[in-house]
Amino acid sequence: MTKFEQIGVERQLESESKKEALRNFRHSCNVCCYRGMRIDCDKCSIAFTHSEVIACFDDYKTAKK
């Protein structure tokens with residue numbers, strides 16, 4: 001995992017809402033694409049962590065009902 005991915009994963013884990021997680025994820029994707037990181041999306045640690053964080057928020061919302 002690159003330093004870039006480590007920072008992106010940390011930001012995902014620190015997100016306090018789905019909206020914040022999505023905003024952080026979009027920022028990471030933009031940096032990766034436009035600044036030449038070019039990490040394979042299928043192997044991206046940030047993308048995996050994002051999906052897990054979103055699932056946690058969804059589970060929490062469901063359990064709260």
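Visitor: Where does Asn 24 sit?
Guide: In this predicted model, Asn 24 lies in helix α2, which covers residues 18-34.

Visitor: Is Asn 24 buried or exposed, and why?
Guide: Asn 24 counts as buried, because its relative accessibility is 13% and the cut-off for buried is under 20%.

Visitor: And which residues does Asn 24 touch, leaving out those up to four places away in sequence?
Guide: With those left out, Asn 24 touches Arg 11, Gln 12 and Ser 15; with Ser 15 there is also a polar contact of 3.3 Å between the two side chains.

Visitor: How do α1 and α2 pack?
Guide: Their axes are 9 Å apart and the angle between them is about 165 degrees, so α1 and α2 are roughly antiparallel to each other, and their crossing is right-handed.

Visitor: Which residues meet there, between α1 and α2?
Guide: From α1 come Phe 4, Gly 8, Arg 11 and Gln 12, and they meet Ala 21, Asn 24, Phe 25, His 27, Ser 28, Val 31 and Cys 32 of α2.

Visitor: Then what about α2 against α3?
Guide: Helix α3, residues 45-64, packs on α2 at an angle of about 170 degrees with the axes 10 Å apart, and α2 is therefore roughly antiparallel to α3. On the α2 side the contact is made by Lys 18, Ala 21, Leu 22, Phe 25 and Ser 28, while α3 contributes Ile 46, Ala 47, His 50, Val 53, Ile 54, Phe 57 and Asp 58.

Visitor: Switching topic, which residues make up the largest nonpolar core?
Guide: That core has seven residues, namely Phe 4, Val 9, Phe 25, Val 31, Cys 32, Cys 44 and Ile 46. The elements giving two or more residues to this core are α1, residues 3-13, and α2, and the largest share, three residues, comes from α2.

Visitor: What does Cys 32 touch, again without residues up to four places away in sequence?
Guide: On that basis Cys 32 touches Phe 4, Met 37, Arg 38 and Ile 39, and Phe 4 belongs with Cys 32 to the largest nonpolar core.

Visitor: What is the phi of Arg 38?
Guide: Arg 38 has a positive phi of about 55 degrees, although this residue is not a glycine. Most residues other than glycine have a negative phi.

How values were computed
Residues are numbered from 1 along each chain as its sequence is written. This is a predicted model: local features need pLDDT of at least 70, side-chain atom pairs count only at pLDDT 80 or more; totals for chains, interfaces and linings use all residues. Side-chain values use heavy atoms; hydrogens and water are left out. Helices (H or I, at least four residues) and strands (E, at least two) are DSSP runs, numbered from the N terminus. Buried means under 20% relative accessible area, exposed over 50%, partly exposed in between (1.4 Å probe, protein chains only). A polar contact is a pair of N or O atoms within 3.5 Å; within protein, one must be able to donate a hydrogen and the other to accept it, and residues adjacent in sequence count only if both atoms are side-chain atoms. Contact means heavy atoms within 4.5 Å. A nonpolar core is a set of buried Ala, Val, Leu, Ile, Met, Phe, Trp, Tyr and Cys residues joined through side-chain atoms within 4.5 Å. Axes are lines fitted to C-alpha atoms, for helices over the stretch in contact, and angles run from 0 to 180 degrees between N-to-C directions. Angles under 35 degrees count as roughly parallel, over 145 as roughly antiparallel, 65 to 115 as roughly perpendicular and the rest as oblique. A crossing is left-handed if the near helix is turned anticlockwise from the far one by less than a right angle, and right-handed if clockwise.
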